[in-house]
Amino acid sequence: MSAEDSNPAATPTPCEDIQGDGRWMSMHNRFVSDSKDKEPDVVFVGDSLIQLLHQFGIWRQLFSPLHALNFGVGGDATQHVLWRLSNGELDNISPKVVVLWVGTNNHGHTPEQICGGILAIVQVIKNKIPHAHTLVLGLLPRGKMPNPLRDRNAKVNKLVQEAVSSLAHASFLDVDPGFVHSNGSISHQDMYDYLHLTPQGYQAVCEPLHAHLKSLLEKPTEN
């Protein structure tokens with residue numbers, strides 16, 4: 001599709017092995033292999049915000065009981081997730097809900113391109129698992145003080161929310177509990193490096209997310 005060719009964020013692309021240790025492809029292969037003997041109801045897909053969630057107690061507390069798998073890879077942008085999902089990670093499983101959280105690492109891409117990348121992922125999920133519901137999480141603000149990437153992420157959220165509002169098989173959830181204070185700053189107690197979440201930050205994001213997921217899982221599946 002020519003639109004995809006002109007949008008690098010919506011063109012499936014494996015992550016370049018800059019370090020030379022093959023970690024990204026090894027993780028992808030592990031996810032494909034892991035999925036062969038699992039029957040998850042929920043699959044989390046995305047970048048480091050998804051990957052690191054797995055290391056905190058809140059994963060075991062809230063998401064393990066929902067039969068959840070975590071397919072997060074630090075540093076992933078939309079085109080990397082698109083490649084992973086197009087190349088086997090969804091082929092052996094049939095979750096009811098796919099939680100997608102990606103886009104903050106799409107450096108050099110416009111909000112429109114990032115939105116296009118997210119929508120391309122939503123479409124791949126729809127093609128691979130027609131009955132699944134994709135829950136797209138809003139990008140969080142980043143940086144200690146206001147900056148262009150915050151503005152970009154906010155624009156992406158607006159575009160994605162508008163785009164998925166007409167889709168029966170997807171929805172958008174803003175998971176920002178109000179990390180930006182009235183003076184424009186973000187606290188290191190919520191985001192230790194002003195991008196990644198602390199346990200306190202995850203708690204604020206995940207409790208409403210968990211409630212939302214439970215309500216989605218209780219709905220009858222649509223084909």
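**The sheet and its surroundings**

Analyst: In this predicted model, helix H7 (residues 148-164) lies across strand E4 (133-137) and E5, and runs at about 150 degrees to E5. The sheet to which these strands belong is open and has five strands, in the order E2-E1-E3-E4-E5, with parallel pairing. Strand E2 (68-72) and strand E5 (170-173) are at the edges with a single partner strand each, so one side of each has no neighbour in the sheet. From one strand to the next, the twist averages 20 degrees.

Further into the order, strand E1 (residues 42-46) pairs with strand E3 (residues 97-101) in the parallel sense over five bridges. In this pair, Gly-46 stands opposite Trp-101 of E3. Helix H5 (residues 78-86) also packs on the sheet, where it touches E1, E2 and E3, and its direction makes about 140 degrees with that of E1.

The side chains can be considered next. In soluble globular proteins, nonpolar side chains tend to be buried together. Here the largest nonpolar core has 36 residues, and those that touch the most other members are Val-45, Leu-85, Leu-100, Ile-118, Ile-121 and Val-160. At least two residues of this core come from each of helix H2 (23-34), E1, E2, H5, E3, helix H6 (111-128), H7 and E5. H6 supplies the largest share, eight residues. Ile-118 illustrates the contacts: leaving out residues up to four places away in sequence, Ile-118 touches Thr-78, Leu-100, Val-102, Val-136, Val-156 and Val-160.

The loop between E2 and H5 contains Val-73. With a relative accessible area of 3%, Val-73 is buried, because that value falls under the 20% cut-off. Apart from neighbours within four places in sequence, Val-73 is in contact with Trp-24, Met-27, Phe-31, Gly-46, Asp-47, Ser-48, Gln-51 and Arg-84. Among these, Gly-46 is the residue that stands opposite Trp-101 in E3. Val-73 and Ser-182 are 109 residues apart along the chain, and their C-alpha atoms are separated by 32 Å.

As for the record, an unreviewed UniProt entry annotates residues 44-204 as "domain: SGNH hydrolase-type esterase". Within the model, the end C-alpha atoms of that span lie 18 Å apart, and the span is 39% helix and 14% strand.

Key:
Residues are numbered from 1 along each chain as its sequence is written. This is a predicted model: local features need pLDDT of at least 70, side-chain atom pairs count only at pLDDT 80 or more; totals for chains, interfaces and linings use all residues. Side-chain values use heavy atoms; hydrogens and water are left out. UniProt positions are given in the numbering used here, feature names are shortened, and annotations may be inferred rather than shown by experiment. Helices (H or I, at least four residues) and strands (E, at least two) are DSSP runs, numbered from the N terminus. Two strands pair if DSSP finds at least two bridges between them. Axes are lines fitted to C-alpha atoms, for helices over the stretch in contact, and angles run from 0 to 180 degrees between N-to-C directions. Contact means heavy atoms within 4.5 Å. A nonpolar core is a set of buried Ala, Val, Leu, Ile, Met, Phe, Trp, Tyr and Cys residues joined through side-chain atoms within 4.5 Å. Buried means under 20% relative accessible area, exposed over 50%, partly exposed in between (1.4 Å probe, protein chains only).
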